[in-house]
Amino acid sequence: MIASREWETGPKRFTGDSLHEAERGGSAFFMYNPKERCPRPPCPLHGFRARMAGPRPRDERVRMAKTESFDVTTGVDLMEVENAVNQAQKEIGQRYDFKGLKVLMELKKADHLVNLEAPDDMKLNAMWEMLLGKLVRRQVPVKNCQRGLVQKAGGDRVRQEIKLVSGLDIETCRKIVKIIKEAKLKKVQAAIEADKVRVSSPSRDELQDTIALLKGQEFEVDLQFGNYR
């Protein structure tokens, strides 16, 4: 800023700040004072109105291509799982072969688990088959309902935990990133973010190709694609 310098015009005097205002697109009528030493060269249009150049037009500015993205993740709808458990419990109560037997089917939402307990392995498997049918009917991804080992629950009784997978583990995330890189899709970037993979590209067609690529691969969990931006 040349706040201390002053410029003379017809009816009034302009300071250096006024000159900068003119440079931003306005106009000013000023005369150069040769007695003042100024770091700027004098205006060649002494005594005439000078219109200073304004900012560069918008269409001449460099524009970056818009990047779109989506997330690859996995999970289950716990509300649908709860409905499936309730329906399976109701069916167990109506089955003649379970009459009078002490069995347990319990959903633990906080732990993402379903606990099964029965008098023997045969009844335990029957309970799982009933639950599985209800889960499929409610469109809960079966891959995300992973059966644990059968354990002793006291006496001849047995129990089993069904793990409800919510979120990708690190190995699955790395596998997804590796598949995308090996496919050599132009301008497609994949980054691991906690329990999901963010895929981005300026081309929407390439993002759709990436989804088709991943759907054609085999994973231990059900991949889900969402959070499109």
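## Strand β10 and its partners

Within strand β10, K163 is the bridge partner of Q146; here strands are DSSP runs of E with at least two residues, helices are runs of H or I with at least four, and both are numbered from the N terminus. The model is a predicted one, in which local features need pLDDT of at least 70 and side-chain atom pairs count only at pLDDT 80 or more, whereas totals for chains, interfaces and linings use all residues. Residues are numbered from 1 along each chain as its sequence is written, and side-chain values use heavy atoms, with hydrogens and water left out.

Strand β8 (residues 145-147) runs antiparallel to β10 and is joined to it by 3 bridges; two strands pair if DSSP finds at least two bridges between them. Strand β7 (residues 113-118) is also antiparallel to β10, with 6 bridges joining the two. In that pairing, L113 stands opposite K163 of β10.

## Hairpin and strand faces

Strand β9 (residues 151-152) is antiparallel to β10 and linked to it by 2 bridges, with R159 of β10 as the bridge partner of Q151. The two strands, β9 and β10, form a hairpin in which 5 residues lie between them. In the turn, G154 has a positive phi of about 105°.

## Packing of helices α4 and α5

Two packed helices are described by the angle between their axes and by the distance between those axes. Helix α4 (residues 170-183) and helix α5 (residues 204-215) have axes that come within 11 Å and cross at roughly 120°; axes are lines fitted to C-alpha atoms, over the stretch in contact for helices, and angles run from 0 to 180 degrees between N-to-C directions.

The contact (heavy atoms within 4.5 Å) involves I176, I179, I180 and A183 of α4 together with T210, L213 and L214 of α5.

## Lysine 134 in helix α3

K134 belongs to helix α3 (residues 121-137). K134 has a relative accessible area of 14% and is buried (under 20%; exposed is over 50% and partly exposed in between, with a 1.4 Å probe and protein chains only). Residues up to four places away in sequence aside, K134 touches A84, Q87, A88 and E91.
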